[in-house]
Amino acid sequence: MIYFEKVTPNRMMHVNQIVGSRAPLHVTAVGKLMLGLAGEDEIESYARRTNLPAYTRNTLSSLNTLADACMTDIRQGYALDNEEAEIGVGCIGVLLFEKSGNVSAGLSISAPIERRKNEWIGELRKAGEEISRHLGYRPG
């Protein structure tokens, strides 16, 4: 994953993602969605290539756990990062689709885990659907 844009809230405490920085797919909400969309064979290939290094005690470091999570995330249309990349940080992510139906990017919101709210899921999904429509995507 490469972070290419961010908005920083006007709060004293916030998550600081650096534009241009990279993160492994298996520790990010959007990354797990991308893996899930690619399918179980690609998840297995990714796991073999990377060995699924653990960044926290919550990182999904086994193939079966990661595959189950990724496929569940695709079915529900969003993913969570539950302190998998960094302790104290939680994320909600959705995919953005372009006219051809391919994924063009992801949209996520990160917050201190104790401030992340489940009601943000619906709002983020709606925002992702709206952005995808602006990119020409029409679900079939």
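How many salt bridges does the count come to?

Modeller: Happy to. This is a predicted model, in which local features need pLDDT of at least 70 and side-chain atom pairs count only at pLDDT 80 or more, while totals for chains, interfaces and linings use all residues. Residues are numbered from 1 along each chain as its sequence is written, and side-chain values use heavy atoms, with hydrogens and water left out.

The count comes to 3 salt bridges. A salt bridge here is a side-chain nitrogen of Lys or Arg within 4 Å of a carboxyl oxygen of Asp or Glu. In general, side chains of opposite charge can pair when their charged atoms come close.

First, the setting. The protein has 4 helices and 3 strands, which run α-α-α-β-β-β-α from the N terminus on. Helices (H or I, at least four residues) and strands (E, at least two) are DSSP runs, numbered from the N terminus. Of the 140 residues, 36% count as buried, where buried means under 20% relative accessible area, exposed over 50% and partly exposed in between (1.4 Å probe, protein chains only).

Now to the pairs. Lys32 forms a salt bridge with Glu84, and their closest N and O atoms are 2.7 Å apart. Lys32 belongs to helix α1 and Glu84 to the loop between β1 and β2 (89-97), so this pair ties together parts that are 52 residues apart in sequence. Both Lys32 and Glu84 are buried; Glu84 counts as such because its relative accessibility is 3%. Leaving out residues up to four places away in sequence, Glu84 touches His26, Val27, Lys32, Tyr55, Thr56, Asn58, Thr59 and Leu60. Contact means heavy atoms within 4.5 Å.

Next come Glu44 and Arg48, whose side chains meet in a salt bridge at 3.3 Å, N to O. These two are 4 residues apart in helix α2, so about one helical turn separates them. An α-helix has 3.6 residues a turn, so residues three or four places apart point the same way. Glu44 is partly exposed at 35% relative accessibility, whereas Arg48 is exposed at 56%.

Glu42 and Arg49 make a further salt bridge, at 3.4 Å from N to O. Glu42, at 31% relative accessibility, is partly exposed, and Arg49 is exposed, with a relative accessible area of 53%.

Let us go back to Lys32 and see what else it meets. Cys70 touches Lys32, Leu35, Gly36 and Ile43, again not counting residues up to four places away in sequence. After α3 comes Gly77, with a positive phi near 85 degrees.

How do α1 and α3 sit together? Two packed helices are described by the angle between their axes and the distance between the axes. The axes of α1 and α3 come within 8 Å and cross at roughly 90 degrees. That makes α1 roughly perpendicular to α3. Axes are lines fitted to C-alpha atoms, for helices over the stretch in contact, with angles from 0 to 180 degrees between N-to-C directions; under 35 degrees counts as roughly parallel, over 145 as roughly antiparallel, 65 to 115 as roughly perpendicular and the rest as oblique. Lys32, Leu33, Leu35, Gly36 and Leu37 in α1 meet Leu66, Cys70, Met71, Asp73 and Ile74 in α3.

In α3, Leu66, Ala67, Ala69, Cys70, Met71 and Asp73 are buried. The buried residues of α3 pack against α1 (29-38), α2 (40-50) and β1 (79-82). The largest nonpolar core has 11 residues, including Leu35, Ile43, Leu60 and Cys70. Such a core is a set of buried Ala, Val, Leu, Ile, Met, Phe, Trp, Tyr and Cys residues joined through side-chain atoms within 4.5 Å. The elements giving two or more residues to this core are α2 and α3, and α3 supplies the largest share, 5 residues. Apart from this core lies another, of 7 residues, among them Val30, Ala79, Cys91 and Phe97.
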